[in-house]
Amino acid sequence: MKVKGLLRWRVAGLLLAMVVIVVLPYLATRVMADETQQANLWLNHASTVKALTYRIAYLIRDSEAESYRILAGDGDPSTEQRAGGAKDQVPALLAQLRGLTRDNPDQQARIGALESVTNGRIILVDQALVRLRQGDAAGARQSLRDTGDLFHMRELIDGIAQTEDRLLVDRTRDVEQQVSRGQFVLGLTALAQLVLLIVVVISSERQIGKRLLAETREGRAVLRSQMIVQAVREPIALFDEQLRSLLVNAAFSELYGLDPKHHRALPLPQIGDGAWSDGALLQRLNDVLLRNRELWDYELVQRTVDGVDRHVVINARRIQQQDSDAQALLLTVSDVTARALAEQKVNELNHQLEGKVAQVSDVNRELEAFSYSVSHDLRAPLRHIAGFARKLRQHLGERVDDTGSHYLDVIGNSAQRMAQLIDDLLVFSRLGRGALRLQPVDMQSLAEEARALSEAEAPGRRISWSIAPLPIVVGDENMLRTVWQNLIGNAVKYTGQREVAHIAVDVRRGRNGDYEFTVSDDGAGFDMQYADKLFGVFQRLHRTSDFPGNGIGLANVRRILARHGGRVWAEAEPERGARFHFSLPARDLSGTSTESSP
Amino acid sequence: MINRHIRTILLVEDSMADAEMSLDALREANLANPVVHLEDGVECMDWLHCRGAWATREPGNPAVVLLDIKMPRMDGLEVLTRMRADEHLRRIPVVILSSSREESDLARSWDLGVNAYVIKPVDVDQFFTAVRTLGQFWAVLNQAPEQE
């Protein structure tokens with residue numbers, strides 16, 4: 001649009017310039033010619049006027065002179081005629097003169113004066129001739145003398161001639177001015193022509209330059225795209241409507257054994273020793289050409305010239321040939337052999353992994369069976385030991401002495417204790433096996449619940465609690481309940497010797513969004529030297545007589561947190577209290593940790 | 001109660017020690033009901049159907065079946081399944097009395113329509129109390145519909 005408008009203006013400007021260049025000089029020249037002609041006319045005119053004037057003066061003087069000759073008696077018939085000539089000729093000449101100077105009132109006035117002077121003198125000459133004929137020579141002489149005395153002609157004649165001369169000068173000057181103006185105009189137009197010519201030359205020069213630049217650029221772009229097509233690692237080829245090759249790039253040539261230097265049109269099925277003779281593929285390619293159906297990611301195994309079976313992915317689409325109406329087929333080949341091999345490898349690995357998983361689940365199943373039988377079969381004898389110790393006590397009745405009674409108590413208690421250990425182990429083992437049931441868990445209410453439970457189990461204790469507001473996290477509620485019950489239960493248990501125990505629960509957000517909970521107390525604490533034993537199964541840092549327990553709680557806590565992707569650690573000092581920290585990764589309900597694990 | 005036939009309590013338990021303790025406990029409960037001890041699921045089904053060794057027994061369903069899970073030949077859950085599928089046996093109260101506190105056992109038992117699931121306590125006193133209470137509840141307090 002803009003270009004069109006610009007073009008239109010340019011055309012209009014050029015037309016205008018042409019008009020200026022052609023019409024102005026023409027007009028100026030014409031005006032100048034007219035003026036020159038006029039000047040010549042004026043020159044003729046002035047000469048004519050002057051000639052007429054002098055002729056009149058001559059005729060008057062001649063008639064007077066001839067009259068004198070007659071008076072002197074020196075006349076002849078021609079003299080008589082000439083003496084009366086002025087009367088015959090002068091009026092006509094005057095009329096002519098008046099006609100010539102009609103445009104100048106001054107001259108008319110002078111001519112009027114000349115007329116009366118000439119009339120006067122003619123009349124006096126006539127009078128003189130009449131008197132002479134009557135024989136009055138003196139009167140005639142007087143009349144003739146009067147002509148000069150009464151009617152002064154010379155000044156008038158000179159006036160007319162001078163005026164005419166002046167007019168001529170004036171007019172000539174006007175003409176000269178006109179001419180010089182015309183020359184100026186001509187000069188200007190010549191200058192304009194020059195300027196226009198320069199403009200035209202410069203602009204066309206620029207246009208040509210631009211076009212040349214564009215052509216160069218286009219040429220470079222074409223060259224560049226050719227280079228790219230040739231250099232790209234992916235095989236690319238262009239085929240005509242009969243599937244004969246128009247262009248192949250280096251990668252294509254290499255893959256299918258074509259001579260890259262001297263490429264000649266080859267039908268596709270003949271390329272690459274029959275790598276392209278796949279009927280289904282040729283059918284699809286024809287579909288691309290005839291029906292403009294794009295071919296997307298067609299997978300094929302080809303044996304290429306290097307004798308390798310390659311997995312290739314073929315893409316093809318129809319494009320319009322630039323220089324004709326014909327269609328062309330653009331074909332790209334992606335060699336995905338490596339990927340296919342990798343996939344195969346992945347599949348194999350997956351297969352192996354599946355095998356491993358099957359093994360693991362076998363192991364898990366065995367473990368389950370094992371713990372089942374532990375739970376069922378191991379407990380039964382314990383029950384029997386305890387049961388029959390009781391029966392024995394009943395059976396013996398009064399016959400049991402104190403020592404015997406003590407033994408029976410130990411037997412019963414030991415069975416009891418072993419049953420408890422079995423139960424604990426089963427819980428621990430189950431924590432490692434069962435699936436996590438992830439759901440939003442309100443840590444606040446779990447902590448409060450654990451606190452209430454611990455307080456109920458330790459009546460009479462004085463404990464100062466400080467529980468910070470705790471967040472809702474995603475986790476297995478039952479497992480996290482176990483965590484809180486263990487940590488808070490421990491805090492209560494190990495502050496048993498304090499008159500007023502201080503237990504605090506806190507939370508903070510770690511750098512990667514993890515939650516880090518802390519349960520701290522001012523109880524018995526422990527020596528950090530043994531901290532690594534803290535979370536082991538049935539590991540204890542205190543004597544059971546001081547603090548009862550079987551050492552499974554923190555092992556459970558660690559296992560639970562590990563399963564949640566978190567961890568637990570502790571810091572303590574003997575008799576200065578302990579601080580237990582555990583972290584939970586921030587995660588959404590789908591169970592994926594929102595933070596990528598390192 | 002007066003017009004009512006005093007029904008048997010069936011104890012199905014393969015462990016002789018457990019059985020002895022359970023029988024002691026039931027005895028301590030002073031129940032009028034006879035207690036029959038059977039050693040596995042097959043015997044139990046025979047007894048219920050008056051087959052084999054029990055072909056000549058007085059007909060009638062038991063007041064309750066106290067059933068162990070883990071037994072040779074036919075386990076407790078199998079017995080429970082068959083009973084619940086049987087037109088004549090499906091209303092008999094069944095109490096699982098097991099050492100197993102496995103969640104899967106609990107879930108399956110309840111799915112199969114058990115009337116109670118009791119884990120045998122290792123603690124002797126608790127054990128005796130549990131079995132005694134069971135006997136009293138199911139044989140005396142519980143009312144089951146007239147059968148057959």
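## A tour of chains A and B

Select strand β3 of chain B, residues 64–67, together with β4(B): three bridges join the two, and they run parallel. Strands pair here if DSSP finds at least two bridges between them. Helices (H or I, at least four residues) and strands (E, at least two) are DSSP runs, numbered from the N terminus. Now pick B:L66; opposite, in β4(B), stands B:V95.

A word on what is loaded. This is a predicted model, in which local features need pLDDT of at least 70 and side-chain atom pairs count only at pLDDT 80 or more, while totals for chains, interfaces and linings use all residues. Residues are numbered from 1 along each chain as its sequence is written, and chains are lettered from A and ligands numbered from 1 in the order in which they are written.

Stay on β4(B), residues 94–98. Five of its five residues are buried (20 or more other C-beta atoms within 10 Å of a residue's own, with C-beta atoms placed from the backbone). In a regular strand, side chains alternate between the two faces of the sheet. Colour B:V94, B:I96 and B:S98 for one side of β4(B), then B:V95 and B:L97 for the other; both faces are covered.

Next, show α1(B) and α5(B). Their axes come within 8 Å and cross at roughly 60°. Axes are lines fitted to C-alpha atoms, for helices over the stretch in contact, and angles run from 0 to 180 degrees between N-to-C directions. The two helices are therefore oblique to each other (the class left after under 35 degrees, over 145, and 65 to 115). Select B:M21, B:S22, B:A25, B:L26 and B:E28 in α1(B); they meet B:F127, B:F128, B:V131, B:R132 and B:G135 in α5(B). Contact means C-beta atoms, placed from the backbone, within 7 Å.

Now bring in chain A. Its contact with chain B takes 15 residues from chain A and 14 residues from chain B. On the chain B side, α1 (16–28) and α5 (124–141) each supply at least two residues. The largest share of that side, three residues, comes from α1(B).

Finish on the sheet of chain A. Five strands form an open, antiparallel sheet in the order β2-β1-β5-β4-β3. β2 (245–248) and β3 (295–303) of chain A stand at the edges, each with a single partner strand, so one side of each has no neighbour in the sheet. Zoom to β1(A), residues 236–239: three bridges join this strand to β2(A), antiparallel. A:A237 is opposite A:V248 in β2(A).

Definitions and conventions. Contact = placed C-beta atoms within 7 Å. Buried ≥ 20, exposed ≤ 12 C-beta atoms within 10 Å, placed from the backbone.
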